[in-house]
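Q: Please take a close look at one part of this structure: the place where the two chains meet. Walk me through what surrounds that part as well.

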Amino acid sequence: MGRGMQLEIKRKISSVKSTMHMTRAMEMVATARLQFLRKNLKNFYEYERTLSSVFERVTGSIEDLDEVKDLIWKEPSKVMLVVITGDMGLCGTYNDEVIQKAYEREISLGKKFDSFYVIGSKAFRRMKYDGKRIKRSVLESYSRPFYDDAQSLSNELLRIYQKGEVDCVEIIHGYPKNSLIQEVKDEIFIPIKIEKKDHEKFYDFEPRPEEIFRMLVPQYFGSKIYRILLESRISEQNARQNAMRNATENAKKLIDDLTLQYNKIRQFYITQEVIEITNSAEVLKGEN
Amino acid sequence: MFRLKIITPEKIAFDKDVKFVEFRTVDGAMGTLQNRIPLFAALAIAELEIEEADGKRTFFAVHGGIGEFFNNTFTILSDAAERPEEIDVERARRSLERAKVDIESVEEIRRKELEMKIQRALVRLKISEKRERR
C-alpha cells in the first residue's frame, strides 16, 4: 500500500458520491412525474370505463352487423405489432422486457406477422440494429402523453387498418401492476369482438346505432390508446424510480465500504508514522 | 330533476342535479327533462345549455361525443367540454383563421379534420360570448 492508494480511494468516493447525487435526482424526477401521471390516469379511468360500457352496449344493439363488418373480429392474416417503449434508458430492464415480448410474439405469429409500428426510440434503435421490418416509428414525443396525440395516433392506426395494409393491430406495452411489479401486456386493438345483446331494445337511438357506432369509433379507439400510453408511461417511470432507488442505495453502500477502507489506510499510515517517530526518538535518546 | 354528468378525458366537468338540458345531436337540436326513456345520442360539436336546480343557466361548449340517458342520469362523454370563462378566445380566433386559410389548399382527407376544427373554434367563440354578455 502506498500514498497513491489513499488518494485513489478518495477520488473513487467522490466519483461514487456524484453518481449518487445524479441517481437520487433522477429518482426524484421519476417520483414527481409519476404523481402527475397517476392523477391523470385516475381522472381518465372514469371516462374510459363509461365510454367502454356505452360502446359495448351500442355495438351490441346493432342489428345489421354486415354494415360494420370491416371492424369486426375475424381470423387475421396480416398482423401489425405496435411496440411502446420509452425514449430513455436508466429504467432497469423495462424497455428490454417489452422488446423481448414483441420478438416472442413475432415468432409465435410466424407467417401472419406483417410489421412493427414502433413508439419510443429505445425499441426503434434495437429493432433497426436487428434488421426488423418497421412500418413506421414515432420517436421522442410522448414524454407526457396528451389526449390529442393519442387521438391522432389512433386515427393513423385506423387508417393503416382501413386501407387494408394489415388486418389486425396488436399493442405490446408495459402495464403497472403495482409500483414494484411491471408487466408487459399484449392487447388486440383492432378489430373488435362484438357480443350481441338484446336488452338495450327499449333505448332511443339518435341517430341509428350503426351511425352512432361510426361516430364513436375514433373516440373509443382514441381513449383506448390514451389509456395504454398513460399506463406504459407510468410503468416506465415506476421501473425508473425502482432502478434509481436501488442505484442510490448501492452507491450509499459502496461509499460506506470505501470510506471504511480509506480510514483503515489512513489509520495505518498514522500508526506507521507514530512508530517511526517514537523509534527515532528512542534512537536519539540512546545516542545522547 | 335529474342528474347530469359531463365527463371528459381530463376531468369531470359537471356533476349536479339539473332541471333541463338542451343539446344538439348530429341530427338536430334536442332537449330533455327528467324521467325520459333511455337514450343514446351522438352529439354534434355544439353548445349545451343547462337549467340548474336553482334556475341558474349554465353553458358549455361540447366537442362532440356521446350522451346516454338512463335511470334518470344523463351522462355525456366528450373530448372536451368548456365553460364560457374557461375558453381562450384569442386562441380560438387564431385557430379559426388558420383553419379557414388551410382549408382552401388541402386535399379531401384532411378537409374533414379542418372542418371539425372550424366547428370547434366557432362553438368556442359562441359560448365565450355568453360570458361577455353577463
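A: Within chain A, 79% of the contacts with a separation of 6 or more are between residues 24 or more positions apart. This is a predicted model. One pair of residues shows what such a separation can look like. A:Arg208 and A:Val58 are 150 residues apart along the chain. Their C-alpha atoms are separated by 9.7 Å. A:Arg208 sits in the loop between E6 and H5 of chain A. Is A:Arg208 exposed, partly exposed or buried? Count the other C-beta atoms within 10 Å: there are 16. A buried residue needs 20 or more, and an exposed one has 12 or fewer. So A:Arg208 is partly exposed.

Now the whole of chain A. Five helices and six strands make up its list of elements. Read from the N terminus, they follow the order α-β-α-β-α-β-α-β-β-β-α. The radius of gyration is 30 Å. The globule rule gives 19 Å for 288 residues, so chain A is more spread out than a compact globule. Along the principal axes, the C-alpha atoms of chain A fill a box of roughly 120 × 40 × 25 Å. Of the 288 residues in chain A, 31% are buried.

Next comes the meeting place itself. Here 22 residues of chain A are in contact with 22 residues of chain B. Which elements of chain A supply at least two residues each to the side that touches chain B? They are helix H1 (3-60), strand E6 (204-206) and helix H5 (209-287). H1(A) provides the largest share, eight residues. By type, this side of chain A has 14 nonpolar, four polar and four charged residues.

Strands also link the two chains. E6(A) is joined to strand E4 (residues 39-52) of chain B by three bridges. The two strands run parallel. In this pairing, A:Asp204 stands opposite B:Leu39 of E4(B).

Follow E4(B) into its own chain. Chain B is divided into domain 1 (2-82) and domain 2 (88-133). The C-alpha centres of these two domains of chain B lie 22 Å apart. Their contact takes eight residues from domain 1 of chain B and eight residues from domain 2 of chain B. On the domain 1 side, E4 and strand E5 (57-70) of chain B each supply at least two residues. E5(B) gives the most to that side, with four residues. The residues on that side of domain 1 of chain B are five nonpolar, one polar and two charged.

Last, look at the nonpolar core. The largest one has 84 residues. Those with the most contacts inside it are A:Val82, A:Val83 and B:Ile66. H5(A) gives the most to this core, 14 residues. At least three residues come from each of domain 1 and domain 2 of chain B.

B:Ile66 brings the picture together. Set aside its neighbours within four places in sequence. In chain A, B:Ile66 is then in contact with A:Val54, A:Ile212 and A:Leu216. In chain B, its partners are B:Phe40, B:Ala41, B:Ala42, B:Leu43 and B:Leu77.

Notes
Residues are numbered from 1 along each chain as its sequence is written. Chains are lettered from A and ligands numbered from 1 in the order in which they are written. This is a predicted model: local features need pLDDT of at least 70, side-chain atom pairs count only at pLDDT 80 or more; totals for chains, interfaces and linings use all residues. Two residues are in contact if their C-beta atoms, placed from the backbone, lie within 7 Å. Ala, Val, Leu, Ile, Met, Phe, Trp, Tyr, Cys and Pro count as nonpolar, Asp, Glu, Lys and Arg as charged, and the others, Gly among them, as polar. Two strands pair if DSSP finds at least two bridges between them. Domain bounds come from an automatic or database domain assignment. The radius of gyration is taken over C-alpha atoms; the globule rule is 2.2 Å times the number of residues to the power 0.38. A nonpolar core is a set of buried Ala, Val, Leu, Ile, Met, Phe, Trp, Tyr and Cys residues joined through C-beta atoms within 7 Å.
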